Amino acid sequence: MAIEVTATGSGRQCLVQDLVQRHAWSIAEGFNERGSPARIVTFYRATHVDLDLQGHLVSSEPFENATGVALDQATSEASLSHLDDFPQHMSVRNGVIKTPGSRGVGIYLGFHKNFDLSTRAYASAYEVMPEDQQPLGDQRPYEPGKKIGFIHPWNYQPETYYSVDNMKVVSGGRGVIMVGANSVLRNSTIEVDGDTAVYLYGPNTLVEGNTFIVHLNPGNASELPAALKLRDADGAIIRNNRFMVKNSSGQEATAAINLLQSKDVLIENNVMENTHQLVRKDAESTAIERSHEPGAGAGNLSRPAGMPPP
């Protein structure tokens with residue numbers, strides 16, 4: 001069986017050993033392989049939980065496309081009418097997470113978007129909003145043979161206060177995804193095979209003191225590539241981070257930060273390597289770029305690969 005654990009209730013909870021998967025076969029089931037996890041650590045009916053990994057490893061290897069730490073399925077599929085059910089003040093810190101595979105996710109503190117389908121197909125269904133798609137408020141255009149959905153825009157406003165601190169996350173897909181207001185990502189290293197390491201939804205986000213590493217694997221490309229993406233992140237602060245590209249082909253990343261429908265974002269004292277531009281903004285986003293370093297002027301810094309910080 002897969003090695004999986006749950007964190008329930010509230011308070012500080014600590015991991016006391018590594019959680020590493022292994023190949024196993026069931027003789028009773030005709031030597032079918034068992035053990036592939038969907039989620040390794042699950043917050044189940046939990047709120048106000050400080051999960052301290054105490055330096056331990058949470059890994060889905062040798063399996064792919066799992067999630068290291070996530071909310072339970074019932075919470076992540078909650079509809080907008082149940083916003084009060086979303087857990088608050090959930091933190092993950094002090095450990096290492098490895099989740100290989102193009103759909104692997106290190107930490108997912110968020111929820112799926114619920115929408116109702118018309119009677120032409122099914123009564124209801126769940127769908128994860130494509131991360132680079134604009135939120136929809138109207139009925140989907142009808143296409144023969146496809147379902148029609150009445151989709152409401154996501155609500156990223158609930159004050160969830162999620163945080164990730166002092167973590168090392170290595171993933172084939174996304175390193176960290178958090179949904180809700182007042183999220184914090186601090187003092188962590190996030191490394192992914194593709195071009196997007198972190199996706200944060202919601203206002204008043206703080207991203208500070210992190211290292212983002214992307215390998216630009218063409219099999220993991222996204223529509224709007226950037227190591228860090230923020231949507232509806234009004235009032236976010238992105239400071240003292242390092243954005244790096246590591247690959248053998250000499251490619252450069254398109255952008256380090258991508259802002260979608262995010263206003264009044266403060267971006268300061270960041271460093272990027274092998275990246276064309278620090279910030280890409282859509283038409284509805286605004287940002288202030290500045291540096292506290294004497295003589296650096298407005299904006300942040302760009303260094304060739306391998307050059308140490310001053």
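Asp 232 is buried in this predicted model, with a relative accessible area of 17%, a value that falls under the 20% limit for burial. The residue is placed in the loop between strand S20 (228-231) and strand S21 (237-239).

**Backbone features**

Most residues other than glycine have a negative phi, and most peptide bonds are trans. Against that background, Arg 45 also stands out, with a positive phi of about 50 degrees although it is not a glycine. Arg 45 is found in strand S5. At 67% relative accessibility, Arg 45 counts as exposed, whereas Asp 232 is buried.

A further feature concerns a peptide bond. The bond from Glu 61 to Pro 62 is cis, and its omega is near 10 degrees. Pro 62 has its place in the loop between strand S6 (57-59) and strand S7 (67-71).

**The chain as a whole**

The protein chain has one helix and 28 strands. It comprises 310 residues, of which buried residues make up 50%. The accessible surface of the chain comes to about 14400 Å², and 49% of that surface belongs to carbon and sulfur atoms. Among contacts between residues at least 6 apart in sequence, 64% join residues at least 24 apart.

**The nonpolar cores**

The largest nonpolar core contains 51 residues, and those touching the most other members include Phe 43, Ile 107, Val 198 and Phe 212. Strand S5 (residues 39-52) gives the most to this core, contributing six residues. A second, separate core consists of eight residues, among them Ala 70, Ile 177, Tyr 199 and Leu 260.

With residues up to four places away in sequence not counted, Ile 107 touches several residues, including Val 69, Val 92, Ile 97, Val 164, Met 167 and Val 169. Gly 175, Val 176 and Ile 177 are also among the residues that Ile 107 touches.

Leu 51 lies in strand S5. With a relative accessible area of 6%, Leu 51 is buried. Once its neighbours within four places in sequence are left aside, Leu 51 is in contact with Gln 13, Val 41, Phe 43, Val 69, Ser 91, Val 92 and Arg 93. The C-alpha atoms of Leu 51 and Asn 94 are separated by 8.8 Å, while the two residues are 43 residues apart along the chain.

**Aromatic pairs and strand pairing**

A search of the whole structure finds two aromatic pairs. Their geometry is given in the table.

| Aromatic pair | Distance between ring centres | Angle between planes | Class |
|---|---|---|---|
| Tyr 199 and Tyr 201 | 4.6 Å | 15 degrees | stacked |
| Phe 212 and Phe 243 | 4.9 Å | 10 degrees | stacked |

Phe 212 lies in strand S19 (residues 211-214) and Phe 243 in strand S22 (residues 242-245), so this pair ties together parts that are 31 residues apart in sequence. Both Phe 212 and Phe 243 are buried. Tyr 199 is likewise buried, with a relative accessible area of 0%, and Tyr 201 is buried at 6%.

**A buried serine in a loop**

Ser 183 is found in the loop between strand S14 (174-179) and strand S15 (184-186). Is this residue buried or exposed? At 1% relative accessibility, Ser 183 counts as buried, because burial is assigned under 20% relative accessible area. The side chain of Ser 183 reaches the backbone oxygen of Gly 180 at 3.5 Å. Leaving aside neighbours within four places in sequence, Ser 183 is in contact with Thr 160, Tyr 162, Met 178, Asn 204, Thr 205 and Leu 206.

Conventions
Residues numbered from 1 in each chain as written. Predicted model: local features only at pLDDT ≥ 70, side-chain atom pairs only at ≥ 80, totals over all residues. Heavy atoms only, no water. Core = buried A, V, L, I, M, F, W, Y, C linked by side-chain atoms within 4.5 Å. Buried < 20%, exposed > 50% of the residue type's maximum accessible area, 1.4 Å probe, protein only. Helix = DSSP H or I, 4+ residues; strand = E, 2+ residues; numbered from the N terminus. Contact = heavy atoms within 4.5 Å. Areas by Shrake-Rupley, 256 points an atom, 1.4 Å probe, with all protein chains shown as cover. Polar contact = N/O pair within 3.5 Å; in protein donor to acceptor, adjacent residues only side chain to side chain. Phe/Tyr/Trp six-rings, centres within 6.5 Å; stacked < 30°, edge-to-face > 60°.
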